[in-house]
Amino acid sequence: MSSHYRIPKQFRSIEDRLWNGGALVVIVFYTSVTILPLIWMLLTAFRPHTEIVRNVFGLPTSFYFDNFTTAWRLGRLGIYILNSIFYSVVATVITVYLSLASGFALTKLPYRINAAIYTMYVMGLLITVHAVLVPLFLLESRVNIDNTRIGIILPYVAFGLPFAIYLASSYIRHIPDSLIEAALIDGSSYVSLFHRIILPMSRPVMVTLLIFTFLSNWNEFVFVFVLTSDTALRSLPVGVNAFAGNLARDFGLKFAALVISTIPMLVFYFFFHRQISRGFAAGALKE
Amino acid sequence: MVLVLPALAIYLSIVVFPVIFSLATSFLKWDGLTTPSFTGLQHYREIFADPVFRLGLRNNILIVIVSLFGQIPIGFLVAYMLYRRMVRGSSFYQAMIFLPVVISPIVVAILWNQIFSPSGVFTEFIRLLTKNPRFVFRIFENRTFAIVPVLFVILWFYTGIYMVIFVANMQKITPSVIESAIIDGARESQILLRVVLPSMINVIFTTALFAVAGSLKSFDLIFAMTGGGPSHYTEVIAIFMYINTFKYYNYGYGSAVSVIIISISLLLILVLRIVSRFFEKRYE
C-alpha cells in the first residue's frame, strides 16, 4: 500500500543518495538502541550473579536456568501472572462492551444529553489517575470493596472508558443511519438493535479496542499499588516492582524476574503488533 | 438509555465524583481522619511557593519539551524514512522500534536503573571508552541534571508510538500524489516538506495533544526508576502529589496539586489548539 515508488538508482540525485545513506544509519542505530538493552536483559538473566558482577558484557557460558526457577518461586510470580490475567481480561471485556454500547447510544440515538455526556468522557482523557486516588480509596473502604478484586476491576474499567468510547464513537458514527432506521421500522428495540446489528458491524474497531484496552490494563500499576494491601491480590507490575525493584544482592534473579514478566507481552506483541499499531494510529486521527 | 447507564454509573462514581471531591478538598485542611477545616486558597499559595513543587514543575516542563521536540520530530523522521522505504526490511525495523510499547513501565524503569548503575552496562561502556576503571555515573547527584537519564528513558520508551502513528497516517496519503511529485522532479526534501508534512499537520497536532496530557500524567516510570529522588531531584508533579497525600496524609494539599495538574494540561491544550489553527490556515 505504501509508496514504494522510487526512482531507479542511476537517476537519483546526490541529495536522494544522501537520504538513503542517512536513513540506513539512523534506522539501524535507532533500532539497536531500542533492542540491545532488551537483549542484554534476556542474556543476563541466564547468568549467575557472580559472573554478572565480574563482567557485565559477558554472554551466558552455560544453559543456566536457576535464576528463573528461583525468581518464579521467591517472587511468587505465578500468582501475580494469574491475577494480572484475571484483572486484564475481565476489565477489558467489560470496558469494550460498555464502550461500544455507549458509542452507539451517544452517536446514533436522539437524546439531547448525548453531547454533554460525550464531552464529559473526552475530558476524562485529561484526568490523572492520581487525582482520584484518595476519594476513590475512601469510597471503596466505605462500600467495603477495598482489597477486593472488584475494587480493582472497577477503576480499570472507569479509566479505560474515555479512550474506548472516543474510539468506538468515531467508528460507529460512520455506520449508515439507514440500517438503523430499517431495523427500527421492523420493531426492534434499541438494545436488540445494538446486539444484532451494531456489534457485528463493529468487529474491526472491537478487535482494536480489545487489544488496546488489554495492553493498558496489563501494564496498569497505580490502582493495585494504592488500593490493595493484600499481597495475594497484586498484579504482575506491582509484584515485580516489590520483588525486583530493590533487589541488589542477586542481579541474575532480578533480570530473570524482568524477563518472566515481559515474556507474556512479547508473545502478545508477536501476534498482535499490527492491531496494536492500528489502535495507536486510530487514536490520533482527527475526524 | 439502558445502553449508556452502566458505563455512566461506573464513570460517574469512579472518575467524576472523586474529581469533584478532590476539587472540594483542595480548599480544606484535612488529614483524612479528623474534621476538615476550611483554608480557602491557602494550599495553592503554599504549593507555588514550595521549592520542591517548582523543581517538579520544571521537570514536568522538560518532559513536555522532550515529548514535543524530541519524540515527535524523531518519530516523524524515522516514520518518513520507513514510509518511503529508504532501507530494506522496513516492516522489520518498524516492529522492533515499536516493541517497547508492550513492556511495563516498571520493567523498563528497573532495567534502565540497572544499566545506569555502577555495575551496569552504560557505566562499564564509559569506563572502556575513557579507560578510567573507576568511572561512576554521578549525574543523579546533580540537582540540575539528575532528570536527564529519566528524559532519555522517556525518549527511548515512547518515540516508537509516535513513529507508528505517523507511519499509519502517511500510508493514507494517496500514492499518486507522491508519484506525480517525483515525476515532476521533486527532490526527497521537497516531498517531505511540501507533500507529506502539510498533509500530516492535523495528525502532528493531535499527537501533540496526547503528548502534553501524557507528559503531565507521567508517574509509573519515574516512580519505579528514582521515586523522585535523590532528594526530590527527579520529582514530577504527580509524584509530589502522591508523596504529600500518601506519605504525609495531607489530603487537601495533594488534592490542590491534582487540580493544578488538570488545569495546566487544559491550559497547554488550549495553547496547542490556537497554534494548530494558525498552522492549518497557513497550509490551506
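This is a predicted model: local features need pLDDT of at least 70, side-chain atom pairs count only at pLDDT 80 or more; totals for chains, interfaces and linings use all residues.
Biologist: Which residues does Val132(A) touch, not counting residues up to four places away in sequence?

Modeller: Residues are numbered from 1 along each chain as its sequence is written, while chains are lettered from A and ligands numbered from 1 in the order written. Two residues are in contact if their C-beta atoms, placed from the backbone, lie within 7 Å. With that cut-off, Val132(A) touches Ile14(B), Val15(B), Pro18(B), Val19(B) and Ser22(B).

Biologist: Where in chain A is Val132(A) found?

Modeller: Helices here are DSSP runs of H or I with at least four residues, strands are E runs of at least two, and both are numbered from the N terminus. Val132(A) falls in a loop, between helix 5 (114-123) and helix 6 (133-142) of chain A.

Biologist: Why does Val132(A) count as buried?

Modeller: A residue is buried with 20 or more other C-beta atoms, placed from the backbone, within 10 Å of its own; 12 or fewer makes it exposed, and anything in between partly exposed. Val132(A) is buried because the number of other C-beta atoms within 10 Å is 25.

Biologist: How many residues of chain A are in contact with chain B, and how many come from helix 1?

Modeller: The contact involves 80 residues of chain A and 80 of chain B. Helix 1 (residues 14-44) of chain A supplies the largest share of the chain A side, 16 residues.

Biologist: What is the make-up of that side of chain A by class?

Modeller: Ala, Val, Leu, Ile, Met, Phe, Trp, Tyr, Cys and Pro count as nonpolar; Asp, Glu, Lys and Arg as charged; the others, Gly among them, as polar. The side of chain A that touches chain B has 57 nonpolar, 19 polar and 4 charged residues.

Biologist: What radius of gyration does chain A have?

Modeller: The radius is taken over C-alpha atoms, and the globule rule is 2.2 Å times the number of residues to the power 0.38. A compact globule of 287 residues would come near 19 Å. Chain A has 24 Å.

Biologist: How many helices and strands do chain A and chain B have?

Modeller: Chain A comes to 13 helices and 0 strands. Chain B has 12 helices and 2 strands.

Biologist: In chain B, where is confidence lowest and where highest?

Modeller: The mean pLDDT of chain B is 83, and 96% of its residues reach 70 or more. The lowest mean, 76, belongs to helix 6 (residues 121-130) of chain B; the highest, 90, to helix 3 (residues 51-83) of chain B.

Biologist: What ipTM and pTM does the predictor give the complex?

Modeller: Both scores refer to the complex. The predictor gives an ipTM of 0.85 and a pTM of 0.86.

Definitions and conventions: pLDDT is the predictor's confidence in each residue, from 0 to 100.
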